[in-house]
Structure formats: C-alpha cells, structure tokens
Amino acid sequence: MKVSADRRGRIVGATILGPHAGELISEYALAMKHGLTLSDISNTIHPYPTYMLANRRAADAWDLRKTHPHHPPPSPPLFRLRGSTESAQRLEV
C-alpha cells in the first residue's frame with residue numbers, strides 16, 4: 001500500500017497491491033472525493049481483524065511521522081503477506 005498526501009495530510013493518490021485491494025481502495029476514493037485527510041482516516045474506527053485495518057495503519061504511520069518527526073520509522077512486518085497481482089487496484093488523481 002502506498003498513499004500520497006500533501007503536507008496537510010489531504011490524500012492525493014493511493015496504490016494498493018494484494019488481496020482485497022478493490023475493497024481497500026474504496027475508502028481512499030471516498031476520502032479524496034470529500035477532501036478528507038489521513039488524520040480523518042486514522043481517527044475512524046475500523047473493524048478488527050479485517051483487511052480494512054490496513055488503511056488505518058497507513059494513516060497512523062503518516063500521523064506519527066507528522067506529530068513526532070524524529071521518531072524512528074515503524075519496524076517491518078514480521079510476516080510477509082502475499083496476494084495475487086490480479087487483485088491489484090490503482091487510484092490516482
């Protein structure tokens with residue numbers, strides 16, 4: 001998952017590759033249409049455990065870098081999740 005945002009956190013594009021990408025990208029499409037920010041996504045309650053939680057984690061990572069610029073980056077995931085490239089979706093503005 002890669003999400004592009006301006007300095008204020010307004011989402012300008014998102015790319016998601018993997019299983020359920022089509023379901024995950026819809027939240028970013030809606031956020032872009034309504035001018036929402038990554039902080040808005042971060043503050044939204046997401047069901048757990050579901051794939052949609054990945055959207056919140058991406059927004060949380062941006063929010064952490066914004067509020068704590070000297071904080072070390074999050075550690076890489078312990079488990080490598082793999083999906084087919086057939087389910088990839090791309091959204092750009």
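Mentor: Start with A31, which sits in helix α1, residues 21–33. Helices (H or I, at least four residues) and strands (E, at least two) are DSSP runs, numbered from the N terminus. The model is predicted: local features need pLDDT of at least 70, side-chain atom pairs count only at pLDDT 80 or more, and totals for chains, interfaces and linings use all residues. Residues are numbered from 1 along each chain as its sequence is written, and side-chain values use heavy atoms, with hydrogens and water left out.

Trainee: Is A31 buried or exposed?

Mentor: Buried, with a relative accessible area of 2%. Buried means under 20% relative accessible area, exposed over 50%, partly exposed in between (1.4 Å probe, protein chains only).

Trainee: What does A31 touch?

Mentor: Not counting residues up to four places away in sequence, A31 touches I11, L36 and I41. Contact means heavy atoms within 4.5 Å. I11 is 20 residues from A31 in sequence, and their C-alpha atoms are 7.2 Å apart.

Trainee: And what is I41 in contact with?

Mentor: Leaving aside neighbours within four places in sequence, I41 contacts I11, E27, Y28, A31, H46, N55, R56 and A59.

Trainee: Which residues of the largest nonpolar core touch the most other members?

Mentor: I11, I16, Y28, L38 and I41, out of 13 residues. The elements giving two or more residues to this core are β2 (11–16), α1, α2 and α3 (53–67). The largest share, six residues, comes from α1. A nonpolar core here is a set of buried Ala, Val, Leu, Ile, Met, Phe, Trp, Tyr and Cys residues joined through side-chain atoms within 4.5 Å.

Trainee: Which side chain does S42 make a polar contact with?

Mentor: That of D60, at 2.3 Å. A polar contact is a pair of N or O atoms within 3.5 Å; within protein, one must be able to donate a hydrogen and the other to accept it, and residues adjacent in sequence count only if both atoms are side-chain atoms. Beyond four places in sequence, S42 touches R56, A59, D60 and D63.

Trainee: And the whole chain? What pattern does it follow?

Mentor: β-β-α-α-α-β along the sequence, so three helices and three strands by the DSSP runs. Of its 93 residues, 25% count as buried.
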